[in-house]
Amino acid sequence: MLNCCLVFFRKLEDLSVDEFMQSGFCQSADEQLPCVFCGCLFIHRDDGKKGKATQHKQQLSRLKNKDPAFYKFLQANDQTLLNFDDTDSSEDEDERKYHKLPSALEVSWLPDDKGQKASKKSKKAVETIKVTEKMIADWKVAMKKEPTPRLFREVTQAFKAAVATTKGEGGSLCRYKVADSSVFNALVLFCIRDIFVALQRILNLKTEKDQKMVPSASPKWQKNQIDIKMYLSGVVQLLSCLTEATVISAVLRHANQLIPYYLCLPKQSRHLVKQLLKQWSTGEETSRVLAFLALNKICRHKQDKYLNPILKQMYISYVQNCKFTSPNALPMINFMQRTLTEMYSLDTQATYQHAFIYIRQLAIHLRNAMTMKKKETYQSVYNWQYIHCLYLWCRVLSTLHPSDVLQPLIYPLCQVIIGTVKLVPTSRYYPLRMHCCRALILLSSSTNTFVPVLPFLLEILQQVDFNKKPGRMSKKPINFAVILKLGTVNLIEKAYKDGLIDQLYDLILEYFHTQAGTIGFPELALPTVIQLKAFLKECKVANYCKPMRQLLEKVQENSSHITGRRQKAAFGVADATAVAWEKQICEEGTPLSRYYSQWKKLREKEIQLEISGKERMEDLELPEVKRRKFQEKKVEDKKEFKDLFDTDSESDGDDGRFKLKGKKGHRGSDDEDDLEELFDMSNDEGVEGGDSDEGDEMASKAPQPLSSSALIKLAEGDEDLVEDLELSDDD
């Protein structure tokens with residue numbers, strides 16, 4: 001009855017009662033038998049019935065007798081048609097429709113002791129080993145003595161369990177378990193310090209003499225590849241989970257060592273690049289530097305594969321980080337500019353492709369703003385991201401000069417910057433104009449290309465009325481380095497004009513310094529000399545005239561120097577020796593270049609002191625200086641010198657107050673506050689339109705505490721000494 005697997009069957013549920021009773025239990029080939037185990041009705045196969053495959057083979061055998069020539073042709077050209085398997089495929093398909101018993105039956109019951117042993121074995125397989133500090137110490141000693149693949153595998157699995165805890169996975173699928181923070185720190189520290197050297201010894205790689213040897217070239221690479229892949233993935237995962245800056249820096253240094261191993265594994269290398277880009281754009285200062293060094297190393301080793309995608313992602317990250325600019329974010333933006341320029345220097349051909357695409361994109365934004373003239377299109381150009389991108393490409397072209405590949409990009413970039421300046425030429429966007437002019441000066445000086453920057457600076461001297469008195473005082477100076485647009489309130493402040501003069505002085509001096517050794521300097525400086533003389537003739541504010549007069553003197557001095565040297569030259573204008581003459585002049589130095597070097601040092605010191613002074617002022621808690629109002633002073637003076645007055649009536653409240661020349665009537669306590677503000681303005685500004693000596697003289701005439709003898713003279717009717725003091729215009 002156990003031969004059921006050799007017969008075809010039908011389920012009992014498909015048979016009626018009469019069919020089942022008629023089937024019987026005989027074992028003949030043509031009769032049906034019910035299965036003892038599953039209740040199926042078996043039908044023995046009739047060997048007399050032939051399948052299609054058997055019939056086809058018989059036809060081919062008959063073909064041998066009927067057509068011997070064709071049969072020989074088949075033997076010579078198609079043996080597979082004659083020598084095929086004679087098993088009938090249709091029969092196999094019929095057999096699949098019916099249940100087929102297995103050759104051996106599984107027993108579903110076992111004794112109790114054997115079942116308990118099996119469950120214990122499964123539990124042992126699930127149980128993990130807890131990592132202790134003693135185990136780590138033993139691994140460390142063994143790794144230094146003689147590292148083996150088995151030892152490296154154990155350490156790698158423990159490291160994987162430690163990294164799994166950082167994401168809350170708990171290491172359930174790991175062989176080891178790390179449950180203590182001290183054990184975690186010890187294990188990570190051990191891996192960072194010793195794993196790289198151990199890997200070099202396991203793979204027989206030389207660390208110092210042969211740096212170019214690829215780890216995958218080692219004969220032991222295939223044996224340890226899985227463990228190395230697991231460890232490298234764990235390092236990347238650990239880097240993505242850390243938040244402490246010092247630990248991130250340590251892991252980045254370790255990853256920098258392992259870069260040759262990452263380059264052998266493309267998937268792990270892509271994950272590492274992603275984390276390095278994240279650290280380069282958002283990490284701390286040390287982490288940014290280490291991430292950049294790792295990215296640079298990857299691009300130098302496999303430039304064809306990784307340079308273009310890394311440059312693209314770095315540029316996108318740079319643009320994202322430039323959306324907002326502040327004094328704290330400005331150093332980070334400058335760092336990203338310089339490091340990205342360093343990456344672009346690896347391949348000028350790839351740099352040209354990227355620069356062409358992105359400069360063209362900036363030009364398209366500018367063209368849309370010029371044609372559509374809408375607020376949205378203006379904002380797409382007048383923002384920090386656009387300005388920083390312009391400055392980045394100026395820095396790239398300046399740093400990589402001379403380069404025949406990048407030389408054609410200088411002119412379109414200058415045109416885009418000049419178009420940006422001319423887009424909205426109003427006084428509110430003077431800070432943006434300063435940024436564009438600074439970028440043009442950088443590009444012009446580094447690439448030896450003449451760019452007309454001075455007209456955009458001298459135009460400001462003509463448009464702004466520096467003689468007009470400021471409408472309000474400002475507490476802090478305006479930092480032009482971190483603003484693009486001025487508000488309406490800023491335009492009437494005194495700090496606006498002060499900052500504007502400083503910026504114009506710096507930029508004009510810096511531009512003339514770049515052209516100080518050229519043979520055509522006198523002609524270049526002539527329009528500026530005329531404009532500065534006109535400004536000094538019209539401006540009556542001493543604080544604004546002083547720096548412009550000094551700048552004019554230095555420019556004229558340098559022009560005279562170049563003119564004198566030019567008169568001694570023995571070559572013509574079209575002679576090529578003028579280039580050598582200019583180089584000689586620059587090497588010897590000019591009056592303007594010597595002054596600029598001294599001024600630059602002092603300017604940098606001023607900026608450092610300003611930054612450090614702001615930091616100190618934030619930490620100090622300075623006491624507030626409270627001024628007593630005039631009414632309080634009068635009451636105290638009355639109490640102190642009451643013998644000098646006949647009565648203490650309130651009728652003296654109006655007459656006892658000093659009258660100011662040009663004032664009409666008397667004002668209350670609110671006007672006294674305005675009076676104090678006017679005192680502050682007069683002390684800060686001086687008298688505009690006069691000399692500084694007059695301002696000092698008027699400051700000395702400010703009201704001082706009166707002595708008793710002076711009060712007696714006042715009581716006797718002497719002339720009031722404060723009568724001639726002028727503090728402000730009429731209300």
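This is a predicted model: local features need pLDDT of at least 70, side-chain atom pairs count only at pLDDT 80 or more; totals for chains, interfaces and linings use all residues.

Trainee: Which residue does arginine 566 bridge to?

Mentor: Arginine 566 forms its salt bridge with glutamate 523, and the closest N and O atoms are 3.1 Å apart. Here helix H25 (residues 542-567) supplies the arginine and helix H24 (residues 521-538) supplies the glutamate, so the pair ties together parts that are 43 residues apart in sequence. Arginine 566 is partly exposed at a relative accessible area of 27%, and glutamate 523 also counts as partly exposed, at 49% relative accessibility.

Trainee: What about arginine 603, which residue does it pair with?

Mentor: Arginine 603 forms a salt bridge with glutamate 606, with the closest N and O atoms 3.5 Å apart. These two are 3 residues apart in helix H27 (residues 591-619), so about one helical turn separates them. In general, an α-helix has 3.6 residues a turn, so residues three or four places apart point the same way.

Trainee: Which residues make up the network around that pair?

Mentor: Salt bridges that share partners join Asp506, Arg603 and Glu606 into one network. Aspartate 506 lies in helix H23 (residues 494-514), and once its neighbours within four places in sequence are left aside, aspartate 506 is in contact with Trp599 and Arg603. Aspartate 506 counts as buried at 10% relative accessibility, whereas arginine 603 is partly exposed at 27% and glutamate 606 is partly exposed at 45%.

Trainee: Switching to packing, how do H15 and H16 sit against each other?

Mentor: Two packed helices are described by the angle between their axes and the distance between the axes. For helix H15 (residues 303-321) and helix H16 (residues 330-344), the angle is about 165° and the axes are 11 Å apart. That angle makes H15 roughly antiparallel to H16, and H15 passes H16 in a left-handed crossing.

Trainee: Which residues make that contact, and what kinds are they?

Mentor: From H15 they include Leu307, Ile310, Leu311, Met314 and Tyr318, and from H16 they include Met332, Ile333, Met336, Leu340 and Tyr344. The residues of the contact divide into 12 nonpolar, 3 polar and no charged.

Trainee: Next, helix H22: which of its residues are buried, and what do they pack against?

Mentor: In helix H22 (residues 454-463), the buried residues are Leu454, Phe456, Leu457, Leu458, Ile460 and Leu461. They pack against helix H20 (410-423), helix H21 (430-447), H23 and H24.

Trainee: Last topic, the backbone: where is the cis peptide bond?

Mentor: A cis peptide bond joins histidine 401 and proline 402, with omega about 0°, and proline 402 is found in the loop between helix H19 (384-399) and H20. For background, most residues other than glycine have a negative phi, and most peptide bonds are trans.

Trainee: Which residues other than glycine have a positive phi, then?

Mentor: Among them is asparagine 204, with phi near 60°, which has its place in the loop between H9 and H10. Lysine 373 also has a positive phi, near 55°, and is found in the loop between helix H17 (348-372) and helix H18 (375-381).

Trainee: Is lysine 373 buried or exposed?

Mentor: Lysine 373 counts as exposed, because its relative accessibility is 59%.

Definitions and conventions. Residues are numbered from 1 along each chain as its sequence is written. Side-chain values use heavy atoms; hydrogens and water are left out. Helices (H or I, at least four residues) and strands (E, at least two) are DSSP runs, numbered from the N terminus. Buried means under 20% relative accessible area, exposed over 50%, partly exposed in between (1.4 Å probe, protein chains only). Contact means heavy atoms within 4.5 Å. A salt bridge is a side-chain nitrogen of Lys or Arg within 4 Å of a carboxyl oxygen of Asp or Glu. Axes are lines fitted to C-alpha atoms, for helices over the stretch in contact, and angles run from 0 to 180 degrees between N-to-C directions. Angles under 35 degrees count as roughly parallel, over 145 as roughly antiparallel, 65 to 115 as roughly perpendicular and the rest as oblique. A crossing is left-handed if the near helix is turned anticlockwise from the far one by less than a right angle, and right-handed if clockwise. Ala, Val, Leu, Ile, Met, Phe, Trp, Tyr, Cys and Pro count as nonpolar, Asp, Glu, Lys and Arg as charged, and the others, Gly among them, as polar.
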